[in-house]
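Work through the exercises below with the structure open beside you. Try each task before reading its solution.

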Amino acid sequence: MRRILAVLAAAALLAGCAGGATPTSPAGSAGSTASSTGLTSIGAGLQGQAGLAATVFASRIRQVSAFAFDRQGRLWVATAAYTDSGADGVWLVAAAGSTPVEVISGLHTALGLVWLDDALYVASASGVVAYSGLAGATFAAHRTVVDLSAAGGEVNELVLGPDGRLHLGVSAPCDHCVPTSADTAAVLSFLPDGSDLRVDTSGIRAPVGLAYYPGTSDLFASVNQRDDLGDATPGDWLV
């Protein structure tokens, strides 16, 4: 599950789109001839629609899993290894081309980041923690907002909804079982102080990526399906 998200996030980190720019070809490519998918080389080893250009925004961050921008326009990046060893973290990229600085370390599968007011909310294996009092590259304080350690499901992406609530995807705790906890295989929501935790949508095996359609209350989720069927594994969903 996490591998799919990490690959997509890494691609997003590399892609900086400039409308109307002339597409460039990565070194060693065969040029910018459109493929059968209608995509063409747009730079940085990526393909996209003609008219886009991609450049490397930051490098040397392994296993990228989530992004968030703060009020100053700085990029914050979470990491999540495929196998959890407690070595994940959150990195700050002050500007394009800047050397990333690790600000939070020792996390377990950090898959969600949201800046809200002056606090950075981080979703990881046990739930959601808010970090505050940033001074330089250090947070002065942190607090547990939602503890989901007992639920057992993978804690995924975190987004702020137009209703002012934080929305969180939580996977089923196993590959193909019927979950016994209402807080898994679901999209949860809660107030920024952690109160009024509720299940907004259930029966979703693994809601990994979340995004609101701009200007609406329509929430989209990418759903990873079971992993154990080889070539018969069903395709993932966008719901």
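**Exercise 1: a surface patch**

Tyr 213, Phe 220 and Leu 238 make up a nonpolar patch on the surface, with about 340 Å² of accessible area together. Patches take residues with over 30% relative accessible area and no salt bridge, joining like charges within 9 Å and nonpolar side chains (Val, Leu, Ile, Met, Phe, Trp, Tyr) within 5 Å. A salt bridge is a side-chain nitrogen of Lys or Arg within 4 Å of a carboxyl oxygen of Asp or Glu. Areas come from the Shrake-Rupley method with a 1.4 Å probe; for residues, only the protein chains shown count as cover.

This is a predicted model: local features need pLDDT of at least 70, side-chain atom pairs count only at pLDDT 80 or more, and totals for chains, interfaces and linings use all residues. Residues are numbered from 1 along each chain as its sequence is written, and side-chain values use heavy atoms, leaving out hydrogens and water.

Step 1. Leu 238 sits in strand β17 (residues 237-238). Strands (E, at least two residues) are DSSP runs, numbered from the N terminus.
Step 2. Buried means under 20%, exposed over 50%, partly exposed in between (1.4 Å probe, protein chains only).

**Exercise 2: a buried valine**

Task: describe the surroundings of Val 90.

Step 1. Val 90 belongs to strand β5 (residues 88-93). With 0% relative accessibility, Val 90 counts as buried.
Step 2. Leave out residues up to four places away in sequence; Val 90 then touches, among others, Trp 76, Ala 78, Val 103 and Leu 120 (contact: heavy atoms within 4.5 Å).
Step 3. Ala 78 is twelve residues from Val 90 in sequence, yet their C-alpha atoms are 4.4 Å apart.

**Exercise 3: the disulfide**

Task: which cysteines does the disulfide join?

Step 1. The whole structure holds one disulfide (cysteine sulfur atoms within 2.5 Å).
Step 2. Cys 174 and Cys 177 are joined, S to S 1.5 Å.
Step 3. The S-S torsion is about -55°, so the disulfide is left-handed.
Step 4. Cys 174 is partly exposed at 24% relative accessible area, and Cys 177 is partly exposed at 39%.

How values were computed: Helix = DSSP H or I, 4+ residues; strand = E, 2+ residues; numbered from the N terminus.
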